[in-house]
Each structure stands twice: as structure tokens, then as C-alpha cells.
Amino acid sequence: MGKGDDEGLRELATGMINNFFFIIFPIVLYQLFAIAGRQQLFSKHKIILTALFSISSVLCVLFPYQFLSEDYIFDLRQVPLIVGGLYGGPAVSAVIFVVTSAVRIGIGGDGMYIAVLNLLLVAVVVPLLRNFYLRMGWLAKILFVFLVSITSLLFNLVAGHLLFGDPIHHIVDVWLMLMLNQGMIAAIAALLIERIQRQEYMLNALIKHEKLETVSHFAASVSHELRNPIQSIKGFVQLLNNHEYDRDRQTEFHNTILQEINAAEKLIEDYLIFAKPAYGRIETIHTKSEIEKIMNILGPYAAEREIKIVLTAPEDGLRIAVDPQKFQQAVINIIRNGIDAMPAGGLFSIVIQREKSAVLIKLTDSGSGMTKEEIQRLGEPYFSTKTTGTGLGMMVTYSVISQMHGEIDVISEKGQGTTFTLTFAAAE
């Protein structure tokens, strides 16, 4: 093989690789759109699909390559038209045809009329096969695209012979190679699309399954927790109905019933807040003052367990914009969990500090701590580090903080305690 042959093969390989890239790049760009949340591009986002494959077809026309000899200039313009027609339908196919034909007519030269006629045939016939194509299995689709691709080139060969007298027997071997080349690349493009759509389908199915599983666990948790106070209330009502008790005993029963009702209301409230958060007016609060109110609320609860809560905060007063009631609820949930994690007593530290344009509230307990796996699951339904917990409190906390545009960061080590850091934008 001579030097000229080597150079020719290199040019052939370069041209084929370039055209192959022009075919593949819309599919690669699709992945970017899919990551950005634009799912089902090939079946729903027709404008983007049309633009991408039109650009692909035009690039193929503008950068053809010599095939086997200098007499044959070839490109893969038909592949985007075929794939676009099968996945996008008639409108997509029509636009790709008009754009590609306009560019081809602008270039001119031999074979222009045959090329445009061939593109027109593909643009008309391929969309008619779309419904039949979409019902196929993925393997049948790949074979179908391959056959459509080589059939379109076979039309070129026959039409050239009938209309312009081009000798078939002299060039049949070259055209067979061209058909194989285009057919394989078209099949690869279809295979990539099918794989992407399959992955997308599996991802959507997984997301749906996770949502259903979450709802199932959540419903089981709420049902279980509501059953306890309801059974208790039912029992006391039956006792009051079946027996005569003195006034003090009746008052005791009534108070217990009210406590159980309040517990059920709190559970329902937590569920509603998580399912559909509703917020009052966002206000600018003095962070230190708000935390001090929370400390007063939880003071008896902490003192009963021999836990001291210590606050460290600047005197100048850092301010944040939140719903005061929901902010208080979220912080109380975190502190209460921290207190429960210290059965032997200890110190609970609260630090408020300014960091650039943010206000950080660090809530640190010296309790049992959590593993990395437990930290990652915080806020999930039906997950709690407490044996009697439902996880609703932390679910509400994460939901509330997120809705108020805050962030939660958790650092913990088993046996070494836990630090929750709440971050909010500083309000002037």
C-alpha cells in the first residue's frame, strides 16, 4: 500500500468519524437536557429535537468525505432525517427535509436533483412508518432502521440509473459498502436512543416506586401512631360509660382523654405540615431573642433530664427572615431530639454566629450520636433513631427549613454527639 493510499484511508476515516459525530451529538446533547429535567425529549420536545437533527443533517452535507476513490463523495445526511422522522413524526421530518434540501441546493453540483428527490422520499415515507416502528421491540427497531437506511440508498442507485443512465454494474460494489456504512451508523444511533429511553423509563419507574413506598411507609406510621391515642380514648370513654366514678376520678379520665386528643392533633398537624406546608407571614426576627424563647419553653423538659442548655450569641443581634412559628417548631424538634439523645444528662450548646451574608445556628448535643447512614436518612418518613419515634418530627423540620430557604447540615459521630447547623440568609 502506497503513501497515497494511506493518506486516502486517513481522509476516509476522518470523514466517517466526523459524520458519525454529527449524528451522535444531538443524542449526547439530549443527555444534558435529560439531566436538566427535560425528560422524553424524543417524544415530547419536538422543537428541540427538530433543531438538533437539522443541525446534524446540515453538518453532514457541509462536510462530506470521499469513499474508496475520488469519484464518490458521500455523507450521512439521511440518518438524522430517518431517525428524526421515526421518533419525531411528520412535522420534524418536514423541517429537517426543508433545511437539508436548501443547503444541498445551495451547494449545487452533480447529483443535486437525485439527492433532493431522495430526501423527499425519506421525509414522506418514513413518518408513515412511525406508528408501526414504535410498537416494535428494541432489537426489531435496530434492524428496521438498518433496512430503511440501506433502502434509501438503494433508491438513489436505481433512480440514478433510470433518470440519468448511471451504470449500476460498475458501481454496485461501492454502493453496497455505502449502504453497509450508513445502515450501521443509523442502527447505532437508534440503539443509543433506545438505551437512553429505556434508562429514562427505568428511572421514572424507580422514582414512582420510591414515592409509592414513601406514601406507604408514611401512611403506616401515621396510622400506627393515631391508633394508640384513639384506643386510649376509646377505653376511657367505655369506662366512663359503664361505671360510676367520683368527680376526681372523672376529672383524671377527662384530662387523660384531652392529652390523647392533643397528641393526635399534634400528629395530624405534623403530617399536614410535611405534606403541604402552610406558612404565615414571613417576618424579620431577632435570632437570639427567638432562641431564648425556645429555651424558656424547653427549660423544664431539659431540667427534668438534668440537661443544661447554654446559648452563645453576639449582642448586636443577628436577624433572619422566617415564619416565627414554624422556625420555632423546627428548632424545638431538633433540641428535643438532642435532649432525648442524652439520657444521662449533659450539656446542650446553641451558638449563633455570622458568616459572610449568612446566619448560622449551631445546635450541639453530647448524646449518643449517629452513623453516616443514619445521618443520610434523617428526614425520611418512618425513620427515627429513637425506638419509639416515627420520624415525623425531623420530616417536618427538614420540610419547614427548606420552605423558608434555609439549609440543614448535620455532623455526628457515634458516641460523640451531634451538631445541627441551620443556615439562613442574614436580614438587614
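Student: Which residue forms a salt bridge with Glu194?

Tutor: The model is a predicted one. A salt bridge requires a side-chain nitrogen of Lys or Arg within 4 Å of a carboxyl oxygen of Asp or Glu. For Glu194, the closest N and O atoms of the pair are 3.3 Å apart, and the partner is Lys141.

Student: How many residues apart in sequence are the parts that this pair ties together?

Tutor: Both Glu194 and Lys141 are buried. Glu194 belongs to helix α8 (residues 168–242) and Lys141 to helix α7 (residues 138–164), so the parts tied together are separated in sequence by 53 residues.

Student: Is Glu304 buried or exposed?

Tutor: Glu304 meets Arg305 in a salt bridge, at 3.6 Å from N to O. Arg305 has a relative accessible area of 28% and is partly exposed. For Glu304 the value is 62%, and the cut-off for this class is over 50%, so Glu304 is exposed.

Student: Which side chain of opposite charge is nearest to Arg104?

Tutor: Arg104 lies in helix α4 (residues 90–107). Among the residues that Arg104 touches are Val61, Arg77 and Asp110. Arg104 is buried yet has no salt bridge. At 6.1 Å, the nearest side chain of opposite charge is Asp75.

Student: What is the area of the nonpolar surface patch that includes Val125?

Tutor: Val125 is part of helix α5 (residues 112–128) and is partly exposed, at 36% relative accessibility. The patch also includes Leu117, Leu120, Leu121, Val124 and Leu128, and its area is about 500 Å².

Technical notes. Residues are numbered from 1 along each chain as its sequence is written. This is a predicted model: local features need pLDDT of at least 70, side-chain atom pairs count only at pLDDT 80 or more; totals for chains, interfaces and linings use all residues. Side-chain values use heavy atoms; hydrogens and water are left out. Patches are made of residues with over 30% relative accessible area and no salt bridge: like charges are joined within 9 Å, nonpolar side chains (Val, Leu, Ile, Met, Phe, Trp, Tyr) within 5 Å. Accessible areas come from the Shrake-Rupley method with a 1.4 Å probe; for residues, only the protein chains shown count as cover. Helices (H or I, at least four residues) and strands (E, at least two) are DSSP runs, numbered from the N terminus. Buried means under 20% relative accessible area, exposed over 50%, partly exposed in between (1.4 Å probe, protein chains only). Lys and Arg count as positive and Asp and Glu as negative; His and the chain ends are not counted. Contact means heavy atoms within 4.5 Å. Lists of a residue's contacts leave out its neighbours within four places in sequence.
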